[in-house]
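Please read them with the coordinates open.

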Amino acid sequence: MNTADQYVKAIYLLQQIENGPAATGTLADKMDVSPASANEMIGKLESRGLAEHEKYKGVSLTDEGIVQARDALQTYCIIERFLSNVLDVEDFRAEARELEPVIDDMIAGRLDTIIDRKSECPDCFDPESDACEYLDVCDAEAETETEAAD
């Protein structure tokens, strides 16, 4: 997965949260880059036909951008679930973010055979909680919350 994939994934998730175009500043924060860097990448995404940027409104993905974002999100979910559910990595999110740019489609495909990915992926990813609903840790957190309520 390359940097452009990470950006389209971030824009896709922000569009879902904001129910509209992703604000450039919010995108920069999510990507942990300067607004100037985010604007530069948005320009590159526009030139590739993946995004449309409207000044003062934000950036939206084109249909092609949405397809690429969903593929990138699916790869990210595969990495996260492998680290969490198979390897039991405690800080799996930080590790997934580190691995995300270097995991290619072939490796993601091989990891996918191990995690038993659900067919609804990547729709299983909740942008509000920034997590896949099939992570074992989410199940454990839900059980803990239920026990605390009782």
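**Notes on the predicted model**

1. Of the 150 residues in the protein, 40% are buried (buried means under 20% relative accessible area, exposed over 50% and partly exposed in between, with a 1.4 Å probe and protein chains only). The model is predicted, so local features need pLDDT of at least 70 and side-chain atom pairs count only at pLDDT 80 or more, while totals for chains, interfaces and linings use all residues. Residues are numbered from 1 along each chain as its sequence is written, and side-chain values use heavy atoms, with hydrogens and water left out.

2. The protein has seven helices and four strands, and their order along the sequence is α-α-α-β-β-α-α-α-β-β-α. Helices (H or I, at least four residues) and strands (E, at least two) are DSSP runs, numbered from the N terminus. Of the contacts between residues at least 6 apart in sequence, 60% join residues at least 24 apart; contact means heavy atoms within 4.5 Å. The accessible surface is about 8,500 Å², and carbon and sulfur atoms account for 46% of that surface (Shrake-Rupley method with a 1.4 Å probe; for residues, only the protein chains shown count as cover).

3. The largest nonpolar core has 36 residues, and those with the most contacts inside it are Tyr 7, Ile 11, Leu 27, Leu 45, Val 59, Leu 61 and Phe 125. A nonpolar core is a set of buried Ala, Val, Leu, Ile, Met, Phe, Trp, Tyr and Cys residues joined through side-chain atoms within 4.5 Å. Two or more residues of this core come from each of helix 1 (3-18), helix 2 (24-31), helix 3 (35-47), strand 2 (58-61), helix 4 (63-86), helix 5 (92-99) and strand 4 (131-132). Helix 1 gives the largest share, eight residues. Domain 1 (4-65) and domain 2 (67-127) each supply at least three residues to this core; the domain bounds come from an automatic or database domain assignment.

4. Which residues does Phe 125 touch, not counting residues up to four places away in sequence? They are Leu 13, Leu 73, Tyr 76, Cys 77, Glu 80, Asp 130, Ala 131 and Cys 132.

5. Gly 65 is in helix 4 and counts as buried because its relative accessibility is 0%. Leaving aside neighbours within four places in sequence, Gly 65 is in contact with Val 8 and Leu 50. Gly 65 and Ala 51 are 14 residues apart in sequence, with 6.2 Å between their C-alpha atoms. Ala 69 also lies in helix 4 and is buried, with a relative accessible area of 0%. Beyond four places in sequence, Ala 69 touches Val 8, Lys 9, Tyr 12 and Leu 61. The C-alpha atoms of Ala 69 and Leu 50 are 9.3 Å apart, and the two residues are 19 residues apart along the chain.

6. Helix 6 (residues 105-115) has as its buried residues Ala 108, Leu 111, Asp 112 and Ile 115. Seen down the axis of helix 6, these fall within an arc of 110°, so they line one face of the helix; the arc is that of the directions from the helix axis to the C-beta atoms. An α-helix has 3.6 residues a turn, so residues three or four places apart point the same way. The buried residues of helix 6 pack against helix 4, and on the other side of helix 6 Arg 110 and Thr 113 are exposed.

7. Asp 116, which follows helix 6, has a positive phi, near 55°.

8. Most residues other than glycine have a negative phi. Tyr 56 has a positive phi, near 70°, and sits in the loop between strand 1 (51-54) and strand 2. Tyr 56 counts as exposed, at 80% relative accessibility. Asp 88 has a positive phi, near 55°, and is in the loop between helix 4 and helix 5. Asp 88 counts as exposed, at 66% relative accessibility.

9. Asn 39, in helix 3, is partly exposed, with a relative accessible area of 37%. Not counting residues up to four places away in sequence, Asn 39 touches Thr 24 and His 53.
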